[in-house]
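Good morning, and thank you for coming. Please look at the sequence and the structure as they come up, and I will then take you through them.

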Amino acid sequence: MSEPEEFSQKIEEALRNPRNLGEMEGADAVGTVGSVDCGDMLRMWVKFREEGGKRVIDRATFQTFGCETAIAVASVATELIAGKTPEEALKMDSRELSAPLGPLPPVKIHCAQLVEGALRSALAPDSGPAKNEPLAPTLLESFQGGDAKPKQIRLEPQK
Amino acid sequence: MSELLQRFPGAQRALFRSYHIGGCSSCGFRPDETLAQVCERNAGLPVEEVTETILASHEAEQKMQISPEDLSRRLQESNPPVIVDVRAREEWDAVHIEGSEFLTQELMQEMMTTWPKDREIVFLCHHGVRSLDATSYFAGHGFSNVKSLSGGIDAWSVQVDPSLPRYHVE
């Protein structure tokens, strides 16, 4: 089986039975990345427990408007981090969090980063994206009217 | 990146279609970043491959467009595409193609969450540039059958339906 086929089969498996999907009541931490507008929002809830004098992740759940890959990655990642301390979980990058799915095709790497971002936002909210420097105009701004200025329309006379 | 975008106007659309970069504020880049830096922080994308993709973007964009005549023909056929208009509200109020949909936040969300990814969608704007951005944006989100009306509603007025007046935005 080729790598792309193997990847889509693993995604399908994860989608058929997504783990830890849905909002969690009484969570200790919540993290969100992306925005609903972009179609790319992912939110993660985390609950801790004490184990051997350490605080470890009891379980994590997620909700997303992202793509299927984001669901699949969030599903495997929430399983992977259960039982880890927040520090251990924060050390995992998007590649490790999506490891059970195998290497992601380049176009899907962003989906795994979404999961990593939500986890970071939940576990270390202050460490968030530090650089708040202005971005180049995005595609979304281009066609959603970045400028809200009212426009005057002048119709050409009909011939 | 700003220099790159000046030389290759389609670069941002190509980056988003292929690598999900530059679409919204969570995957955007700064004007002063280099392509190599952007690749580096996107899980170390190979710069050569990304450069190839940008160089091939002109041809890719030709394929993403539909001419006014072709769209007019498609609309007469049995399962016509849905037309999504991405212009400003004022422009829509002045002129629009009958049966087309105006893109609101609500419609956008509905499209992202419930529309089949293989649904045939034609985006249109005034002159065919913003609609190309919208087409790339949806293509980057997995929509496989999206096109942009070349020349926009202006070309439509000239080539297909002269009863729709042309207009200027002031």
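Let me begin with a definition: two strands are said to pair if DSSP finds at least two bridges between them. Helices (H or I, at least four residues) and strands (E, at least two) are DSSP runs, numbered from the N terminus. The model is predicted, so to speak of local features we need pLDDT of at least 70, while side-chain atom pairs count only at pLDDT 80 or more, and totals for chains, interfaces and linings use all residues. Residues are numbered from 1 along each chain as its sequence is written, and chains are lettered from A and ligands numbered from 1 in the order in which they are written.

Strand β4(A) and strand β6 of chain B, residues 167–169, are joined by three bridges and run antiparallel. Within this pairing, Ile153(A) has Val169(B) as its bridge partner in β6(B).

How many residues does each chain give to the contact? Chain A contributes 33 residues and chain B 45 residues, where two residues are in contact if their C-beta atoms, placed from the backbone, lie within 7 Å. On the side of chain A that touches chain B, the elements giving two or more residues are α5, α6 (139–143) and β4 (153–155) of chain A. The largest share, four residues, comes from α6(A). By class, this side of chain A has 17 nonpolar, 10 polar and six charged residues. Here Ala, Val, Leu, Ile, Met, Phe, Trp, Tyr, Cys and Pro count as nonpolar, Asp, Glu, Lys and Arg as charged, and the others, Gly among them, as polar.

Next, the sheet of chain A. Its three strands form an open, antiparallel sheet in the order β1-β2-β3. The edge strands, each pairing on one side only, are β1 (29–33) and β3 (54–64) of chain A. Strand β2 of chain A, residues 42–51, pairs with β3(A) over 10 bridges, and Val46(A) has Ala60(A) as its bridge partner in β3(A).

Helix α2 of chain A, residues 68–81, packs on this sheet and touches β2 and β3 of chain A, its direction making about 165° with that of β3(A). Such angles run from 0 to 180 degrees between N-to-C directions, with axes as lines fitted to C-alpha atoms, for helices over the stretch in contact. Helix α5 of chain A, residues 109–123, lies across β1, β2 and β3 of chain A, at about 140° to β1(A).

Finally, chain B has an open sheet of five strands with parallel pairing, in the order β1-β5-β4-β2-β3.
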